[in-house]
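Hi,

Here is the structure I promised to pass on. Please open it next to this email and follow along as you read.

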Amino acid sequence: MQYRPEIDGLRALAVVPVLLFHAGFGLLAGGFAGVDVFFVISGFLITSIIHREIRDGSFSVVRFYERRARRIAPALLLVCAVSIPFALMWMLPEELNNFGKSLYAVNFFASNFLFWGQTGYFAPSTELMPLLHTWSLAVEEQFYVVFPLLLLGLRRASAATALKVVLALVVLSFAMTQLLARADPAANFYLLPSRFWELGVGAGLALVTAERLDLARGRREMLSALGLAAIVASYLFVPESAFFPGWTTVPVVLGTALVLAFARGDTAVGRLLSLKPLVAIGLVSYSLYLWHQPVFTFARLRAIDGIPTGGYALLIVLCFALAYLSWRFVEQPFRKPKRFGRAAVFGATLAAGSAAIALGFGFDGSDGLVARNRELAALTRPSVGLGKKCDAVADLRCATSPKPEVAVWGDSFARHLVDGVIASKPDVRLVQLAKNNCGPFLNLAPVVPRLGRDWPQDCVRYNDDVRRFLLANRSIRYVVLSSQLSQYLQEETVLVDGHKEVPSGTSVLSEGLRETLAWLKANGFEAVFVAPTPHDGRDTGLCIARARLLGQPDRRCEPALKDVRKYDRDVLKVVADIADEYPVVSFMNYLCDADSCKVEDKGVPLFEDFGHFSEQGSRQMGRAFDFYRSFVAAAESDVFSWRRPVGPPAFEGARL
């Protein structure tokens, strides 16, 4: 295939927005769509090569995978190798365990399956995954396994027939995005069936005869400019969404196809993309893409408190330097058959890949070398109450007695109280009624796109089960409710009465809590709402653990009270609103002074993550705060002002 410098310029236009997006620069809100540009380019180039070789009878599967190995493996294995010592130095056991999983998944070209099961792409936790970006390489490699075989199977068919088959698969794949976006948004993002259409658009373009694309220069100018505008507009305006890829991906995909088809050297867009700086970036774009995520991740791990904008600018410069070096001294030499023969390439790839896989299994099998520091590993152990098996269970399997006295109902912010209640009263008769993300509302459910379209109905059904359970178990006297609440406020809508979506807001949430508390009171239960812990959005538990790993003081992880009030302003408004009528317990008295909120108590770190108590933290708070007595005393109050002291005598008054 004749070299086209504008394609390297297009690669630059794909990789730079990805870097800026992952660095947190707000200018390009849709910078992640640069990966979609890469998919279309890859589908176009690979199909062009394979189709030409099949037509002239020179195609070889072995030679095809040799080229793939030369192109992908050397730089990828180098990045994996360089990441290992930094992971050993700066990662906590659980992080090192997950890094080990990604290390072997990457070398099996299956990391998209791993990350599909672990997290959503836009979740904050992904910022600390050094090999997260390899999901896109896995998608491409899986495409390279099936697509050459498809083209071989169609080699006796006409070009028109082959094109129709590819376009049919493109339509089918796009239809999959509409189904998966609702059923499993993470699968929609990470897996080949819903990404095939992007590579397929490029492949279909490669199968179109050159004559069909030989338009007058004026038309090519217009179409290539339209394509470039569609790409740039996607970078500027496409938001993060659980429904990506989907309809919002169409402009960037079709825009890339238009640029590939019509932006030749005689067009303005072609000349723009052929500028030497853009071509230079395009040449190193693969290495640049490989290096950016590990560089950003390990910098975040070491910085603890976050990285300023200027810091990210320096890190991007470092990424470019590393990209040039690996392109010059790793990528380029391995692409030359005279320098490294086929046997050497396959042998080196197999040996280095096997070593990485073995090391990855070692990290995974040892729980991230947890034996090095078990105390450190315990700091962020989650508080799961009566066990992980109790998520979304509404029966006596998750009770300490067949006749419970206390029910703890809500989402994970209810669950994390259970260890503390038991620590404060070991013989407590308690039942745990908790479903992650699903607050204790009889008529409300959060609409969280990343959980799927059916999830709100699941939440409604669970809370209906809780209602029936409470009525059927009259030994229950006290009901302790708790929720993070923000999952209702951060999304655009909430589900009301199980069938209609309305705009979310503090008034809707306050009314929903009142209805639940009123129902409990009307049915003879004494209830109390426990407010979520004070936090400023940072992962406090991770901060403490990393500070101790690096020998830094815990106090650098303490949130300022003003930041807590600002971050949780709407949540605090809801809590204050219902506290005028119903009992509320807040931890603000105990954890916060006039300036900041503490993250440890008597030397015990309290948090697992941004706001959940860890297992140790829940037990410590349960004893210090005397959860059982405090919750029961509050529930028994006929009129309770949340400014009234609750808990140990040291409490002065709740702060908002």
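A word on the ground rules before that. This is a predicted model, so local features need pLDDT of at least 70 and side-chain atom pairs count only at pLDDT 80 or more, while totals for chains, interfaces and linings use all residues. Residues are numbered from 1 along each chain as its sequence is written, and side-chain values use heavy atoms, with hydrogens and water left out.

**The pocket**

The second largest pocket has a volume of about 980 Å³. (On a 1 Å grid over the protein atoms alone, a pocket is an open set of points where a 1.4 Å probe fits, with protein on both sides within 12 Å along at least five of seven lines; lining residues have an atom within 4 Å of a point. The volume is the space filled by probe spheres set on the points, which are joined across faces, edges and corners.) Its lining has 31 residues, and Arg-11, Leu-45, Arg-68, Arg-71 and Arg-335 are the ones nearest the centre. Two or more lining residues come from each of α1 (5-22), α2 (34-55), α3 (61-90), α6 (135-153), α13 (276-283) and α14 (285-303). Helices here are DSSP runs of H or I with at least four residues, strands are runs of E with at least two, and both are numbered from the N terminus. The biggest share is from α2, with eight residues. By type, the lining splits into 17 nonpolar, five polar and nine charged residues (nonpolar is Ala, Val, Leu, Ile, Met, Phe, Trp, Tyr, Cys and Pro; charged is Asp, Glu, Lys and Arg; the others, Gly among them, are polar).

**Strand β4**

Next, have a look at β4 (residues 478-482). Five of its five residues are buried, so the strand is largely enclosed by the rest of the structure. Buried means under 20% relative accessible area, with a 1.4 Å probe and protein chains only. In a regular strand, side chains alternate between the two faces of the sheet. For β4, Tyr-478, Val-480 and Ser-482 are on one side and Val-479 and Leu-481 on the other. β4 pairs in the parallel sense with β1 (residues 406-410) over five bridges, and also in the parallel sense with β7 (residues 526-530) over five bridges. (Two strands pair if DSSP finds at least two bridges between them.) To find these on screen, look for Val-406 with its bridge partner Tyr-478, and for Val-480 opposite Val-528.

**A three-stranded sheet**

There is also an open sheet of three strands, in the order β3-β5-β6, with antiparallel pairing. Its edge strands are β3 (444-446) and β6 (500-503), each pairing on one side only. The twist averages 40 degrees from one strand to the next (axes are lines fitted to C-alpha atoms, for helices over the stretch in contact, and angles run from 0 to 180 degrees between N-to-C directions). Three bridges join β3 to β5 (residues 493-496), and Leu-444 has Val-496 as its bridge partner. Helix α19 (residues 455-472) packs on this sheet, touching β3 and β5, and its direction makes about 140 degrees with that of β3. Contact means heavy atoms within 4.5 Å.

Ala-23 is in the loop between α1 and α2 and is buried, with a relative accessible area of 6%. Leaving aside residues up to four places away in sequence, Ala-23 touches Phe-296, Tyr-312 and Ile-316.

Arg-514 belongs to helix α21 (residues 506-522) and is buried too, at 16% relative accessible area. With that sequence limit of four places, Arg-514 touches Asp-577, Ile-578, Glu-581 and Tyr-582.

Cheers

Definitions and conventions:
Buried means under 20% relative accessible area, exposed over 50%, partly exposed in between (1.4 Å probe, protein chains only).
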